[in-house]
Amino acid sequence: MKILLIEDDMDLGNGVRIALRDQGLQVVWVRSLEDAARSIEHDSCELVLLDLGLPDGDGLDLLARLRAARLPVLILSARDTLEQRLRGLDGGADDYLVKPFVLAELLSRVRALARRSYGFDGDTIELRGLLLQVPTRRVSVQGRPVELTASEYALLKTLLMRANRVITRRVLEEHILPGGLANASNTLDVHMGNLRRKIGEGYIRTLRGVGYVIDQQGDSPAPPGASA
């Protein structure tokens with residue numbers, strides 16, 4: 001899982017970044033609203049840790065944009081009154097942790113938020129019989145092991161972790177394919193076709209001209225090799 005950490009305090013931000021990476025999580029750390037807005041567009045993060053008191057504005061002003069991107073948000077703030085906490089939660093945050101906090105509690109809340117948002121606990125993602133185990137990179141469909149290439153695995157993991165959310169072709173090409181956009185052309189279509197053939201039809205839905213999505217709820221998937 002890739003986490004966007006928006007925190008201007010160097011010591012705190014570095015401590016949180018190290019703690020998250022020690023848990024095997026990827027971290028994009030920015031220190032301003034401007035950099036956060038840019039990261040939301042380009043880094044394909046799955047969860048946001050948001051400080052409110054930033055040098056170029058109030059983190060609350062970013063909440064609407066984060067909700068539009070359907071990103072789960074955990075606020076980290078020294079603003080500790082009930083009114084301030086309610087303002088953050090009613091503004092669209094999924095959770096609120098008052099500073100100072102213990103890192104163990106932050107990590108626990110991140111795991112809980114990931115489970116609520118993605119049905120994902122950091123190790124295993126399961127969706128309609130399709131199982132992906134992150135530590136071992138093993139994938140199975142209805143109990144049948146599936147062998148994927150590195151690019152196919154990365155595509156599947158990205159779509160599963162953002163189930164019900166459309167991932168644009170540009171994001172997939174830029175962040176997942178070897179060589180990024182320089183090698184895009186029809187490479188994404190080839191990898192996607194191979195992935196569909198291996199896991200079976202009924203999981204990945206194409207939005208023509210936009211991108212791809214895996215729906216959490218859907219029709220029963222057809223077995224690999226069956227006609228679409």
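I started at Thr168 and found Gly211 of β14 standing opposite it. The model is predicted, so I kept to its cut-offs: local features need pLDDT of at least 70, side-chain atom pairs count only at pLDDT 80 or more, and totals for chains, interfaces and linings use all residues. Residues are numbered from 1 along each chain as its sequence is written, and side-chain values use heavy atoms, with hydrogens and water left out.

Next, the strands. I take them as DSSP runs (E, at least two residues; helices are H or I, at least four), numbered from the N terminus. β12 (residues 167-168) runs antiparallel to β14, joined by two bridges; pairing asks for at least two bridges found by DSSP. β13 (residues 204-207) also pairs with β14 in the antiparallel sense, over four bridges, and there I see Ile204 opposite Ile214.

Which sides of β14 (residues 211-214) are covered? Both: Gly211 and Val213 are buried on one side, Tyr212 and Ile214 on the other. Buried is under 20% relative accessible area, exposed over 50%, partly exposed in between (1.4 Å probe, protein chains only).

Then α8. Its buried residues are Leu188, His191, Met192, Leu195, Arg196, Lys198 and Ile199. They sit on the same side of α8, because they cover an arc of only 165 degrees around the axis, taken from the directions from the helix axis to the C-beta atoms. Just after α8, I noted Gly200 with a positive phi of about 95 degrees.
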